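Student: Could we go through this structure together? I would like to begin with the sheet and then turn to the side chains.

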Amino acid sequence: YGDEIGIMDEPGFGSRNCMQWDQARWNTTMLTFYRQLIDFRKNSETLQIGAFQVLYVEEDFFIYQRFYNEDHILISANRSECHRPAETIKIPNLGLSNPKEFKSLFSDETIKVNGSEIVIPEHPQGAAIWLKS
């Protein structure tokens, strides 16, 4: 309710601010981003019916995958305010053979997967969606 246009909580509203109907005050960049995510899911069979598997978990960082047939989508998320340094992570149950490269949905960054290892670049706060190249 309003997240997609940048409405923020305000004190006294019990974590629910009133909907802002004046479109001139909307965060249209954020709205476009939400629309891209919705479109991506609507057009991805893997996200609609694919399996879900948690691959790696730390206190402030995790990786999971959605997969269907030969398609794999990796999602990484860092909730810490600090950047997470680049690292090679061993994931024995990854299920990918042969070296593969995944490209970020929203940038030119890539990650490399080789057998049970994922080479993750420095990761700022937030999430990334990685698609098999």
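Tutor: The conversation below covers the sheet, the core, the aromatic pairs and the salt bridges. This is a predicted model, in which local features need pLDDT of at least 70, side-chain atom pairs count only at pLDDT 80 or more, and totals for chains, interfaces and linings use all residues. Residues are numbered from 1 along each chain as its sequence is written, and side-chain values use heavy atoms, with hydrogens and water left out.

Student: In what order do the 8 strands sit in the sheet?

Tutor: The order is 1-2-3-8-5-6-7-4, in an open sheet with antiparallel pairing. Strand 1 and strand 4 are the edge strands, each pairing on one side only. From one strand to the next, the twist averages 25°. Strands here are DSSP runs of E with at least two residues, and helices are runs of H or I with at least four, numbered from the N terminus. Two strands pair if DSSP finds at least two bridges between them.

Student: How many bridges hold strand 5 and strand 6 in their pairing?

Tutor: Strand 5 (residues 100-104) pairs with strand 6 over 4 bridges in the antiparallel sense. Phe102 has Ile111 of strand 6 as its bridge partner, and Glu101 has Lys112. A hairpin through 5 residues connects strand 5 to strand 6.

Student: And what about strand 6 and strand 7?

Tutor: Strand 6 and strand 7 run antiparallel and are joined by 3 bridges. Lys112 stands opposite Val119 of strand 7. The hairpin between strand 6 and strand 7 has 2 residues between them, and Gly115 in the turn has a positive phi of about 65°.

Student: Which residues of strand 6 are on the covered face, and which on the uncovered one?

Tutor: Ile111 and Val113 make up the covered face of strand 6, while Thr110, Lys112 and Asn114 make up the uncovered one. In a regular strand, side chains alternate between the two faces of the sheet.

Student: Which residues have the most contacts inside the largest nonpolar core?

Tutor: They are Leu74, Leu94, Phe102, Ile111, Val113, Ile118 and Ile120, in a core of 15 residues. Strand 2, strand 6 (110-114), strand 7 and strand 8 (126-132) each supply at least two residues of this core. A nonpolar core is a set of buried Ala, Val, Leu, Ile, Met, Phe, Trp, Tyr and Cys residues joined through side-chain atoms within 4.5 Å. Buried means under 20% relative accessible area, exposed means over 50%, and partly exposed lies in between (1.4 Å probe, protein chains only).

Student: What is Phe102 in contact with, neighbours within four places aside?

Tutor: Its partners include His72, Leu74, Leu96, Ile111, Val113, Trp130 and Leu131. Contact means heavy atoms within 4.5 Å.

Student: Changing topic, how many aromatic pairs are there?

Tutor: There are 5 aromatic pairs. One of them joins Phe33 and Phe106, tilted, at 5.0 Å centre to centre and 55° between the planes. Phe33 is in helix 1 (residues 28-42) and Phe106 in the loop between strand 5 and strand 6, 73 residues apart. Rings of Phe, Tyr and Trp (its six-membered ring) pair if their centres lie within 6.5 Å; planes under 30 degrees apart count as stacked, over 60 as edge-to-face and the rest as tilted. Phe33, Tyr34 and Phe106 form one aromatic cluster.

Student: Are Phe33 and Phe106 buried, exposed or partly exposed?

Tutor: Phe33 is partly exposed at 35% relative accessible area, and Phe106 is partly exposed at 38%.

Student: Last topic: how many salt bridges does the structure hold?

Tutor: The structure holds 6 salt bridges, a salt bridge being a side-chain nitrogen of Lys or Arg within 4 Å of a carboxyl oxygen of Asp or Glu. Among them, Asp60 and Arg79 meet at 2.8 Å, N to O. Asp60 lies in the loop between strand 1 (51-57) and strand 2 (61-68) and Arg79 in the loop between strand 3 (71-78) and strand 4 (87-90), so the pair ties together parts 19 residues apart in sequence.

Student: How far apart are the closest N and O atoms of Lys90 and Glu117?

Tutor: They are 3.1 Å apart in the salt bridge of Lys90 with Glu117. Lys90 is in strand 4 and Glu117 in strand 7 (residues 117-120), 27 residues apart. Lys90 counts as exposed at 60% relative accessibility, whereas Glu117 counts as partly exposed at 28%.

Definitions and conventions: Axes are lines fitted to C-alpha atoms, for helices over the stretch in contact, and angles run from 0 to 180 degrees between N-to-C directions.
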